[in-house]
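Welcome to this short tour of a protein chain. Please have a look at the sequence and the fold before reading on.

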Amino acid sequence: MKKSLIAIALAGTFLTACGSSDVNTKVDTVKTAPEAKAELGSFGIDLTARNEAVKPGDDFFMYASGTWYDNFEMPADKTRYGAFNALAERSEVQVKEIIDDIISRDNLNAEEQLIADFYHTYMDTDTINKLGIDPIKPTLSQINAVKNTDDLTAIFGSAWLTGASSPLYGGMWFNRLDPNKYEMSIGAGGLGLPDRSYYLEDSERFVNIRQAYVDHLSQMLAFAGIENGEARAKAILALETKIAEGQWPREKRRNRDLTLNQIQRADLAKEYPNFNWDLYFDQMGYKVPQLNMSQPEPIKAMIELVNQQPLDVWKDYLTVHTISNNADLLSEDIYNANFAFYGKTLNGQEEPRPRWKRAVDEMSGTQSLGFAIGKVYVARYFPESSKAQMAELVENLRTALGQRIDNLDWMSAETKVNARAKLAAFNPKIGYPDVWQEFDGLKLTKNDLMANIHNLRQFFHEDSVAKELQKTDRNRWGMTPQYVNAYYNSSFNEIVFPAAILQPPFFDPNADPAVNYGGIGAVIGHEMGHGFDDQGSKSDANGIQRNWWTDSDRAAFEAKADQLAAQYSQYEPIPDNFVNGRNSLGENIGDVGGLAMAYHAYKLSLNGKEAPVIDGLTGDQRFFLAWAQVWKEKRTEQSMLSQLRAGTHAPGRYRALAPRNHDAWYKAFDVKPGDKLYLPEDERVRIW
């Protein structure tokens with residue numbers, strides 16, 4: 001599916017910074033109301049989750065959360081459960097309360113009526129089940145009528161509306177050399193499995209997944225009335241294997257030097273021939289004066305496949321993915337069959353999520369009614385005092401990172417000037433947008449779910465097309481307030497924290513300051529750190545991708561980054577399946593650096609005083625425990641595999657180990673040589 005005009009380049013979920021712990025500037029302390037009580041434990045941490053039989057220096061994740069981990073039973077509708085999921089569930093319930101209140105009332109305003117109508121159609125399973133596959137029959141008929149590559153190209157170009165898959169995707173993004181402009185970006189995609197490695201590796205695990213995938217494809221074909229399903233499914237698998245072979249590995253795809261390849265529309269046919277680009281763009285409506293070809297060789301490989309592979313196989317490919325990609329909107333027999341593979345086989349999820357939760361998820365995105373709901377969510381659940389305290393924390397973290405940049409021994413004064421300029425230009429967005437999404441002109445019905453989905457897609461797409469040649473909108477958010485996450489947008493040099501993440505265990509206005517700095521403080525640091533990670537550091541204070549480093553400074557930075565990549569690549573969550581330290585490098589730099597930055601800011605907040613001992617724990621111990629419990633999680637093995645191959649973050653239990661790169665952690669928990677997590681000082685990675 002295409003990326004929309006207002007989509008934001010999200011850089012992950014947490015943390016950044018590193019360096020010396022010397023402090024010399026006073027910052028304001030985030031105070032705790034003396035009469036208020038923290039939500040978790042007596043000061044903001046769940047001490048009952050710990051397993052004190054585990055040495056912190058052997059496994060800090062299990063020390064911090066081992067009792068919880070050993071006793072927690074994974075809910076049947078989950079593949080992963082941890083702090084993020086607990087907050088997401090809270091947000092789901094709160095959004096459901098908002099929707100329930102709306103649908104119980106008469107005389108609704110325009111946005112409330114949209115919410116009520118959409119929820120009603122999504123929950124009307126009687127109508128949905130009666131319709132079966134009928135809602136997507138027009139698209140399936142169009143696919144069946146394909147006679148040549150131009151017909152095929154037209155379907156690829158309209159995938160943004162129909163939900164079909166395509167080996168080429170195109171969407172509006174930011175011009176990385178001029179962030180005040182939008183620019184069409186073209187890339188290679190189109191796989192039905194999580195990553196190219198699922199097609200190309202021959203271990204028993206992946207062979208079995210591919211066989212189950214063939215069975216799934218055959219079942220999807222059967223819903224369309226197509227016979228000889230197994231043979232045709234194998235042909236689809238063979239096609240997707242060729243697609244996988246033509247794609248870059250994920251670690252290569254995240255290299256911004258390789259993915260910046262601008263070209264004028266007039267030169268496109270010459271440089272990327274044998275594809276009807278005019279017809280492709282006509283399906284979208286964009287003028288496309290200039291493009292960025294994010295993966296040149298893979299794009300050419302996809303064009304070759306479009307021209308060389310049999311049309312009948314492409315038609316079957318489009319048929320199964322149109323059904324699968326829309327399964328959540330179709331009858332329960334189709335949904336359940338799709339879930340059996342994508343939920344249970346690929347991710348180990350035993351049961352589907354309740355339909356009301358799926359409705360909330362469908363409605364809460366930026367390309368749905370998420371901001372209409374978010375406006376009410378903020379009014380009900382997000383106090384302005386939390387926004388003020390967050391703003392204060394952000395500035396404390398900015399102060400800390402500034403000092404750390406000044407004290408770096410590996411960076412020259414020339415590069416430090418540019419780094420400082422970028423830090424000063426960081427734009428924090430906290431809680432909710434200053435300008436809310438408007439829904440004027442959007443029409444939804446009370447009895448046609450697929451029509452509502454198409455109307456929403458069309459509404460946001462038309463907005464994107466209308467703004468293509470306008471100045472980029474810096475008021476827009478890439479997440480809604482009720483979404484539990486955070487991100488950094490390199491083009492706007494902004495860090496964004498939706499309201500829903502500003503809750504325990506990340507942030508509690510009544511918690512001990514050490515806990516807030518180890519939780520949301522490190523989150524803030526992580527997102528700041530994305531501006532200085534191995535890829536974000538390729539953009540300057542104005543969001544322009546350019547080299548603002550001296551050659552020697554860049555070489556010193558990359559040597560440290562290589563060391564961190566090697567460290568994380570040693571983690572082996574599943575036998576013979578390791579963390580990809582290179583693909584997760586940006587997130588790991590964010591974690592290690594953000595934690596150091598947050599610790600620095602915490603020390604500044606103490607104004608030279610010693611932190612009190614609470615429940616037998618020093619301030620430093622509370623700080624690092626807060627960090628580790630943010631990453632408390634349990635996963636199915638299938639979900640872990642998908643995270644290792646298709647995700648950009650290391651699994652939570654390894655993110656919890658970031659403190660092993662920080663000297664203060666060794667002192668706080670008396671970690672010694674011989675402990676499993678012990679790193680000699682020269683192997684502890686200190687970047688920011």
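Here is a short report on the whole chain and on one residue within it.

## About the model

This is a predicted model, in which local features need pLDDT of at least 70, side-chain atom pairs count only at pLDDT 80 or more, and totals for chains, interfaces and linings use all residues. Residues are numbered from 1 along each chain as its sequence is written, and side-chain values use heavy atoms, with hydrogens and water left out.

## Overall fold

The chain holds 28 helices and nine strands, counted as DSSP runs (helices H or I, at least four residues; strands E, at least two) numbered from the N terminus. Its radius of gyration is 25 Å, close to the 26 Å from the globule rule for 688 residues, so the chain is as compact as a globular protein of that length. That radius is taken over C-alpha atoms, and the rule is 2.2 Å times the number of residues to the power 0.38. Along its principal axes, the C-alpha trace spans about 75 × 60 × 50 Å.

Of the 688 residues, 59% are buried (under 20% relative accessible area, with a 1.4 Å probe and protein chains only).

## A look at N326

Where does N326 sit? You will find N326 in the loop between α15 (311–325) and α16 (332–347). N326 is buried, and its relative accessible area is 0%.

Beyond its neighbours within four places in sequence, N326 is in contact with I136, T162, G163, M450 and R457; contact means heavy atoms within 4.5 Å.

How values were computed. Buried means under 20% relative accessible area, exposed over 50%, partly exposed in between (1.4 Å probe, protein chains only).
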